[in-house]
Amino acid sequence: MKNSKLAKTFLTFAIFFNAQIACAGLDEAQIALRDGKYAQAVAEFKKMAESGNSEAEFTLGKLYESGRGVVQDFKSAVFWYQKSAQENYAPAQFSLGRCYVNGTGIGKDESSAIYWYRKAAILGFPEAQLEYGMRLLAKPETSNDDGGAVLWIRKSAEAKNPSAQLKMGNMYLNGEVFEKNPVLAALWFRRAAELDMADAQFQLAKLYESGLGTEQSLSQAYSWYLKAALNGNAAAQSHVSQMLLLGQGVEKNEKDGIAWLYKAADQGEPEAEFQLARMYDSGALIEQDFSQAFFWYRKAADQGHAGAESGLAALYAHGRGVAADEKLAFSWYKKSAEQANTKAQYNLGWLYANGLGTQADIVSAYIWFNLAASSGDEDAIKNRKLAESMLTSAQLEKAQTMTNEWVVKFKQLAR
């Protein structure tokens with residue numbers, strides 16, 4: 001009996017001692033990783049991983065995936081993620097799910113991704129809760145007794161996952177799952193914004209600017225746009241630029257406004273590219289340069305910006321910054337007009353009426369003049385009347401029917 005008690009005491013001590021060694025080894029490995037001594041970190045984590053330490057297995061997987069301290073090897077990353085995940089280590093389960101989603105080191109498999117996201121979600125891993133909830137939201141048929149999509153997204157949001165908080169805000173703002181509630185949208189955006197999430201800061205700024213879900217405040221809007229802009233959000237940089245240029249919510253400062261406009265445009269933000277192109281086109285605030293106007297209009301137009309498509313068409317029509325080309329002018333005006341740009345609709349009507357860049361077509365001319373006129377364009381109203389006088393009753397009826405069809409399409413675009 002005495003020997004048995006003694007054996008148990010030694011066993012308990014051995015377990016405790018080994019655990020202490022493992023913790024010390026893990027600490028040393030983490031310090032090496034923090035200090036950028038990646039080769040040393042890999043060696044330390046590998047020793048512990050090979051002895052079955054789930055945290056070490058996971059971290060070793062991360063190092064293989066990133067290629068820090070070891071040759072990048074996605075298959076090895078997955079191998080170690082799998083070992084750790086099978087030991088119920090939630091971060092590894094989440095990472096393994098992500099690998100299945102992206103096909104990183106293993107074949108894409110959405111059902112396996114959902115399996116591992118769910119396991120990590122149940123263990124309380126916020127990022128996994130969001131991903132699992134998002135998949136339940138996208139595929140209601142995968143729902144089960146876990147409580148549904150919203151429960152998991154909310155769990156993640158309440159665990160201070162800013163991505164989940166942003167999703168909650170967007171669902172309330174857009175009436176997705178929930179009934180529309182801008183006040184609750186603002187609440188969730190603010191929570192994520194205060195965690196320094198740029199996209200949430202941008203959304204909160206938009207609510208302050210419009211007064212939706214919160215008291216309108218241009219100064220608060222500018223403050224949150226600026227926070228998002230400093231965090232690299234290109235759309236926020238564009239908004240900061242416009243507010244500085246116009247003196248909205250902040251003292252007018254054209255120099256800083258132009259600087260922010262360039263930052264946003266250099267990131268490929270289409271509205272910033274368009275505004276910069278307009279400045280070069282008109283010579284407002286910066287020296288007029290049609291070739292630069294063409295460059296920036298084209299970048300924004302290639303992203304489907306209707307105003308930029310119209311501006312680009314005008315350069316082709318007049319041969320400014322590029323060789324004149326009536327066919328390309330027609331093509332770009334048409335793209336823009338079909339996105340409900342009034343100026344482009346009028347110019348497209350003019351090209352149809354005069355057979356420039358396309359065959360003359362008075363019915364089409366009337367349609368586009370009519371659409372532009374419905375937005376109050378005075379020149380379009382005059383030319384619509386002139387085009388109408390050239391149509392037969394049958395042509396006029398056809399043109400009005402087609403106009404109405406476009407109106408329906410534009411309403412669908414605006415949704």
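User: Which residues of helix 6 are buried?
Analyst: In this predicted model, helix 6 covers residues 110-122, and its end C-alpha atoms are 18 Å apart, which agrees with the 18 Å that its 13 residues should span at 1.5 Å a residue. Its buried residues pack against helix 4 (74-86), helix 5 (90-102), helix 7 (126-138) and helix 8 (149-158). The buried residues themselves are Ser112, Ala113, Ile114, Trp116, Tyr117, Ala120 and Ala121.

User: Which residue with a positive phi follows helix 6?
Analyst: Helix 6 comprises residues 110-122. The residue in question has a phi near 90°, and it is Gly124.

User: Why is helix 9 described as largely enclosed by the rest of the structure?
Analyst: Helix 9 (residues 162-174) reaches 18 Å from its first C-alpha to its last, close to the 18 Å expected at 1.5 Å a residue. What covers its buried residues includes helix 7, helix 8, helix 10 (182-193) and helix 11 (198-210). The buried residues include Lys167, Asn170 and Tyr172. Helix 9 is largely enclosed because the number of its 13 residues that are buried is 10.

User: How far apart are the ring centres of Tyr172 and Phe178?
Analyst: Tyr172 is buried, and Phe178 is buried as well. Their ring planes meet at 10°, so the pair is stacked, and the centres are separated by 4.1 Å.

User: How many aromatic pairs does the structure hold, and which residues form a cluster through ring pairs?
Analyst: The number of aromatic pairs is 16. Ring pairs also link three residues into a cluster, namely Phe58, Tyr81 and Tyr89.

User: Is the pair of Phe274 and Tyr297 stacked or tilted?
Analyst: Phe274 counts as buried at 12% relative accessibility, and Tyr297 is buried with a relative accessible area of 4%. Phe274 lies in helix 15 (residues 270-282) and Tyr297 in helix 16 (residues 290-301), so the pair ties together parts that are 23 residues apart in sequence. The ring centres are 6.3 Å apart and the planes stand at 40°, so the pair is tilted.

User: At what distance from the ring centre does Lys155 lie over Trp152, and what is the value for Lys335 over Trp332?
Analyst: Lys155 lies over the face of Trp152, at 5.8 Å from the ring centre. The charged end of Lys335 sits over the ring of Trp332, and its distance from that centre is 5.5 Å.

User: Which residues does Leu348 contact, leaving aside its neighbours within four places in sequence?
Analyst: Leu348 is among the residues that touch the most other members of the largest nonpolar core. With sequence neighbours within four places left aside, Leu348 is in contact with Phe330, Tyr333, Lys334, Ala337 and Trp368.

User: Is Gln275 buried or exposed?
Analyst: Gln275 is placed in helix 15. Leaving aside neighbours within four places in sequence, Gln275 is in contact with Gln242 and Leu261. At 14% relative accessibility, Gln275 counts as buried.

User: What distance separates the C-alpha atoms of Thr403 and Ser364?
Analyst: Thr403 has its place in helix 22 (residues 393-414), and at 5% relative accessibility Thr403 counts as buried. Leaving aside neighbours within four places in sequence, Thr403 is in contact with Ile367, Asn370 and Leu371. Thr403 and Ser364 are 39 residues apart along the chain, and their C-alpha atoms are separated by 9.4 Å.

Notes: Residues are numbered from 1 along each chain as its sequence is written. This is a predicted model: local features need pLDDT of at least 70, side-chain atom pairs count only at pLDDT 80 or more; totals for chains, interfaces and linings use all residues. Side-chain values use heavy atoms; hydrogens and water are left out. Rings of Phe, Tyr and Trp (its six-membered ring) pair if their centres lie within 6.5 Å; planes under 30 degrees apart count as stacked, over 60 as edge-to-face and the rest as tilted. Buried means under 20% relative accessible area, exposed over 50%, partly exposed in between (1.4 Å probe, protein chains only). Helices (H or I, at least four residues) and strands (E, at least two) are DSSP runs, numbered from the N terminus. A charge sits over a ring if NZ of Lys or CZ of Arg is within 6 Å of the ring centre and within 35 degrees of the ring normal. A nonpolar core is a set of buried Ala, Val, Leu, Ile, Met, Phe, Trp, Tyr and Cys residues joined through side-chain atoms within 4.5 Å. Contact means heavy atoms within 4.5 Å. The expected span of a helix is 1.5 Å times one less than its number of residues.
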